[in-house]
Amino acid sequence: MMDEDKDPHAVNHADAGKNGDHDGHDHGGGESSGWKSHWALLLSLAVLVVMLTLEYGFDYVPSAPMGLAIYGAAYLLAGYKVLDLAFRKAVRLDFFNEFFLMSVATLGAFAIGSYSEGVAVMVFYSIGEWFQDAAVNRAKRSIKALLDVRPDEVSVVRNGTAMVVDPKEVKIGETIQVKSGEKVALDGELLSEKASFNTAALTGESKPDTKAKGEKVYAGMINLNTVAEVQVTSLFRDSKLSRILEMVQDATARKSQTQLFISRFAKVYTPIVFFLALAVCAVPYFIMDDYDFNVWFYRALVFLVISCPCALVVSIPLGYFGGIGLASRNGILFKGSNFLDVMTRVNAVVMDKTGTLTHGVFKVQQVAAHGLEEKELVSLTAAIETQSTHPIAKAIAEFAGAQAAQASRIEQVEEISGHGLKGMIDGKQVLAGNTKLLKKFNIPYPAEIEGIVNTIVVVAVNGQYAGYITIADEIKEDAAQAIREMHALNIQTVMLSGDKQTVVDEVAKKLGIDTAFGNLLPEDKVAKVQALKDQGRHIAFVGDGVNDAPVVALADAGIAMGGLGSDATIETADVVIQNDQPSKIVSAIKVGKITRSIVWQNIILAMTVKVIVLALGAGGVATLWEAVIADVGVALLAILNAVRIQRMKV
């Protein structure tokens, strides 16, 4: 049923028979799920339909030898693969699997002359297997296609000429060209002055991302405007996209606790129903005077057919595939199905401040001029700050923009360690730094400045206080929304930071965070998280996944923000949020809850129907027709229910 060269991750039923699958049911039949590859099954179905039409529509019943020949041929067309697997497993003394159950049930039907029912059971069972294989393969392919947007060719500049080659042939340091509308094939740095990219395939965000010269560009981004030149910084196999794709594919193989439970359950459940079927046939012999072997043997066959655990062992992993796919489409990468389950239990989210709730980039918050115009204060401060490489200096220079260039003469700039800068700007003496700098030069300033929460740059011009500029790390646009949504889910919010307590308290107040701790070292963060765990909390820690490795290890789930730009983040986190948005934390929790809900709907549906039909079969009410329709029908309903996860919105 499959060409292994096309999909190395897929395993078909034949391979399961050779390798001894663990749970007796292994779907993933590969690429050849089209009707042409199932011509024998379709021919068998056609024969069955014709024979049933003749029997019930025209009252024509063939003689026993002819009926056996016709139905026997149809049976072999539909079930030769199942019979083959059942035989190979039986040789290894493995009798408690669905293939053996179906073989015994259908051959038993033939033994008592129920030819049409025996064929029907095998045909509909095989059709159910076909649909299940197709659904699993489609889920796997959709997950792969979701992320595997790597181009098959790339334009590389060699000896001054652009030539089209396979991306695998491009070496680090070479320059590639990306035309408008093309996908970037390899990670690199932008050589062009500016370019805009669609990053939806990587982050789930459709908003264009404009990059400047020297900034990182990643494989999978789509160039939106003019031709962009990119200097390659990693090989094709080492690109972020390749590693993300590999991670998501691995995630489908890492089973959740629910999947593991169902696998263990199937190992116990199957032999139990097998022996119950024997009991249905044998026990009445000892307690009934008018015992009829054929009647009770038929009931036992019904019992075997309905007992097949297909709906459970297929729809459950399919549900988790859907959850992983839904998360990936929203820019959230789960490293395994097990973490979908973990997220459903989270009742406390512990967050780092910088880079998680804030952008990690300093921005000017307020300008207060005294004795001169605000524009002049900004221009003079920015002019002297251009002589420093400090992040605060860069923030002021960026805020000033062209105003900084208006100061034509910058002279005698001196950095006073721990205080700030002193220099001459257009003939004016300018001091820019903290309040200690003004105290050093005996320049009075308003006392209320000492109570300002944010980082402050105080300015003096020609020995006179001239005002101040406050700097702060900007809060992310959706941070407050994320906190509100967590509270709506009854999740406790905690912020941990190494920043000063006044700054931490201010951010916590703006966002409505329950508890916030500042001035923390890494070991202090571990202690705070441990204290929450001691209270019985299930914790998700959200940070950069690198500096806070001890806390990530301690938490039930480690969530990394902005994993696209960090190798270490992808390696250390359990869940990676690629687009840096705190609101995706809530989305990750919702995906987990949606997946769990669908999976348990399928479990309850399958078990309820099976118990009812098992009882009806043992009581002689249900026939093999009802049994196979119930079995295949429940499996298909469960599959359709699981597949719809990928179309949901979070």
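The chain holds 21 helices and 22 strands, where helices (H or I, at least four residues) and strands (E, at least two) are DSSP runs numbered from the N terminus. This is a predicted model, in which local features need pLDDT of at least 70 and side-chain atom pairs count only at pLDDT 80 or more, while totals for chains, interfaces and linings use all residues. Residues are numbered from 1 along each chain as its sequence is written, and side-chain values use heavy atoms, with hydrogens and water left out.

Of the 650 residues in the chain, 51% are buried. Buried means under 20% relative accessible area, exposed means over 50%, and partly exposed lies in between, with a 1.4 Å probe and protein chains only. The chain exposes about 29000 Å², and carbon and sulfur atoms supply 56% of that area. Accessible areas come from the Shrake-Rupley method with a 1.4 Å probe; for residues, only the protein chains shown count as cover. Taking contacts between residues at least 6 apart in sequence, 66% join residues at least 24 apart. A contact here means heavy atoms within 4.5 Å.

The aromatic rings come next. Rings of Phe, Tyr and Trp (its six-membered ring) pair if their centres lie within 6.5 Å; planes under 30 degrees apart count as stacked, over 60 as edge-to-face and the rest as tilted. By this rule the count comes to six aromatic pairs. In one of them, the ring centres of Y75 and F110 are 5.0 Å apart and the planes meet at 55°, so the pair is tilted. Y75 belongs to helix 3 (residues 64-91) and F110 to helix 4 (residues 98-111), so this pair ties together parts that are 35 residues apart in sequence. Y75 and F110 are both buried. F110 also pairs with Y115: their ring centres are 5.4 Å apart and their planes lie at 35°, so this pair is tilted. Both F110 and Y115 are buried. Ring pairs link Y71, Y75, F110 and Y115 into a cluster.

S114 sits in the loop between helix 4 and helix 5 (115-147). With a relative accessible area of 14%, S114 is buried. Leaving aside residues up to four places away in sequence, S114 touches A109 and Y298. The C-alpha atoms of S114 and L624 are separated by 9.4 Å, although the two residues are 510 residues apart along the chain.

Some rings have a charged side chain over them. A charge sits over a ring if NZ of Lys or CZ of Arg is within 6 Å of the ring centre and within 35 degrees of the ring normal. R299 lies over the face of W296, at 4.2 Å from the ring centre. K528 lies over the face of F517, at 4.0 Å from the ring centre.

Helix 17 can be followed from end to end. Covering residues 522-534, helix 17 has 13 residues and reaches 19 Å from its first C-alpha to its last, close to the 18 Å expected at 1.5 Å a residue. The expected span is 1.5 Å times one less than the number of residues. Which residues of helix 17 are buried? They are K525, V529 and L532. Seen down the axis of helix 17, the buried residues fall within an arc of 55°, so they line one face of the helix; the arc is that of the directions from the helix axis to the C-beta atoms. An α-helix has 3.6 residues a turn, so residues three or four places apart point the same way. The face of helix 17 turned away from its buried side carries the exposed residues E523 and D534. Just after helix 17, G536 takes a positive phi of about 85°.

Positive phi values also occur elsewhere, in residues other than glycine. Most residues other than glycine have a negative phi. D426, however, has a positive phi near 50°. D426 lies in the loop between strand 14 (420-425) and strand 15 (428-433), and is partly exposed, with a relative accessible area of 31%. N490 has a positive phi near 60°. The place of N490 is the loop between helix 15 (479-488) and strand 18 (492-496), where N490 is exposed, with a relative accessible area of 67%.

The last stop is A368, in strand 12 (residues 358-369). A368 is buried, with a relative accessible area of 19%. Not counting residues up to four places away in sequence, A368 touches L377, A466, G467 and Y468. A368 and V378 are ten residues apart in sequence and 9.6 Å apart in space, C-alpha to C-alpha.
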